[in-house]
Amino acid sequence: MLWDEEFETLPREALEALQLKRLKNLVERVYTAVPHYRNKMDEAGVKPTDIKSLADTAKLPFTTKSDLRDNYPFGLFAVPFSRVVRIHASSGTTGKPTVVGYTKRDIDSWAELMARTMAGGGAHQGDVVHNAYGYGLFTGGLGAHYGAERIGAAVIPISGGNSKRQIMIMQDFGSTVLTCTPSYALNLADVMKEMGVDPASLKLRVGLFGAEPWSERMRTEIEKRLSIDAVDIYGLSEVMGPGVAAECIEQKHGLHVFEDHFLPEIIDPDTGKVLPLGEKGELVFTTLAKEAFPVIRYRTRDISRLITESCSCGRTFYRMERVTGRTDDMLIIRGVNVFPSQIEHLLMNIEGVEPHYQIIVDRKQSLDIVEVHVEVSERIFSDEVKVLENLGRKIEREMKDVLLTSCKVKLVGPKTIERSEGKAKRVIDKRKL
Amino acid sequence: MKVEQISVFLENKSGSLADVTEVMARAGINIRALSLADTTDFGILRLIVNDPEETTAVLKKNGFTVGKTEVIAIEVPDRPGGMARILTAIKGRGIDVEYMYAFVQVSRKNAIIIFRFDDLDKAIAALQAEGVKILTGEEVQAL
């Protein structure tokens, strides 16, 4: 279902004219208000007046996660701080998170975009939206919440965890729409089975799943096991949060990018060159209408391609193919972005722990589980069991701050972690999506 | 009065204890006493050997994580109440036993108990005041 028919079905020509108008305005705005963008544009020898067509976007410098880190926490905000009404954050590559801000109007646009996402996935007024995305600094919970309220649905802000209680509430409150990570949806199916609850006896009709990579195989499994339609949604906090792109329930094939708000490009991750429409590469977004935290050509590191064929749902927005991988080593564990470098940073800050570690990610009962192997060096070794056990527990506690979920630390013998050409293999991802 | 104990980190997997003892056997090291502390994930092998320096060197060379700790060795009459007397001497003095292990020498009448206290010097003083016989490093290595 269309939520905002006027914008969602704009003829391409009108859409591109709108994009160009907004792009020019954006570039002018960040050039004036954000020293970082002005400096980078000056270095690249490009002035706001050089942006005369959408193709001129390629003249603009990229923005990367490290630019966000270098300007931590509020250096890239483009409005006076007094106009910021919300702050969210996601994991950075080191200890510091990536911080984003929203004005009142940004929050309103975000709710609209999430309303489009909800409506596109088949949710409507009268639905009971069971929102199991995490609430907090993570954008998932509040993003889905505002969108569900905007379409007039009743939201259950249940957040993540405690699956048995979630299922009880689904039964008692008559949840019709489920929003969570796809792996959590499968976990709920597992727990229903354990509890002897027949998913078909629930009122669940549709699920909007995102915040982590998944596959068609997982979609089929979720749809079969929960007796629902499963729809893929996409977003990242640096760009907005959820509500950047979403599948329509009519096709469930490719996610419509809300192009009036976000200008997508696909680039070659090695050369930075824009690839022809339809080719696979790294997704790059420029926000066209955000006030507090606009980004110019943000490199998502997600690999996708754009589908330009028209869609039976009537939307004129191009679709992005389901994200198939990343160009960096970022892991998504239960919907939380984790960089191996964050874990390394954490381990190095624990006295005596040498950087010989390995992260093993696996999926059991549909949930991601993380085991961190740390080699026991002479500096941390002790003849007393409790000293080593306390160290393991300390690492587990600190890891939880990064992963937001528990992990298991296993102390292993020296030189047991495989090294190739002197560089240890840091991450073993055994998950099959 | 103190005896040097070697400790070795062992991963909890089959063969890891054999790996350590094989290295020591090849180097001609004689084990005087040992204990293995185990958890679900790892073990700590504690050893009293005839040559601690050589043992440390050879184990390190073979890639083991090795630690050295001072412990005390106490000779206890091999009869009821022998052990109780020692622990009574320590009790109430704010000294804690971290761990201990015992071995009985066929050639001697007495049992030998290895103790790791949180405060070795305080423990030695308390035990000596009670007339408990504490063996020297040389005595233990020569057993």
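Across the interface of domain 1 and domain 2 of chain A there is 1 salt bridge by the rule used here, that rule being a side-chain nitrogen of Lys or Arg within 4 Å of a carboxyl oxygen of Asp or Glu. Bear in mind that this is a predicted model, where local features need pLDDT of at least 70, side-chain atom pairs count only at pLDDT 80 or more, and totals for chains, interfaces and linings use all residues. Side-chain values use heavy atoms, with hydrogens and water left out, residues are numbered from 1 along each chain as its sequence is written, and chains are lettered from A and ligands numbered from 1 in the order in which they are written.

**Between the two domains of chain A**

- Chain A splits into domain 1 (5-328) and domain 2 (333-429), with bounds from an automatic or database domain assignment.
- Taken over C-alpha atoms, the centres of these two domains sit 31 Å apart.
- Domain 1 puts 18 residues into the contact and domain 2 puts in 13, where contact means heavy atoms within 4.5 Å.
- Together the domains bury about 1300 Å², 47% of it on carbon and sulfur atoms; buried area is the accessible area (1.4 Å probe) that two parts lose on being put together, summed over both.
- Glu212(A) and Arg363(A) form a salt bridge, with their closest N and O atoms 3.9 Å apart.
- On the domain 1 side, helix H8 (residues 182-195) of chain A gives the largest share, 6 residues. Helices (H or I, at least four residues) and strands (E, at least two) are DSSP runs, numbered from the N terminus.

**Between chain B and chain A**

- Here 22 residues of chain B meet 19 residues of chain A.
- The buried area comes to about 1600 Å², and carbon and sulfur atoms give 58% of that.
- Phe9(B), Asp41(B) and Thr65(B) lose the most area on the chain B side, together 34% of what that side buries.
- The rule picks out 5 salt bridges across this interface; one salt bridge joins the side chains of Arg116(B) and Glu384(A), at 3.9 Å from N to O.
- As for chain B's touching side, the largest share, 5 residues, comes from E1(B).
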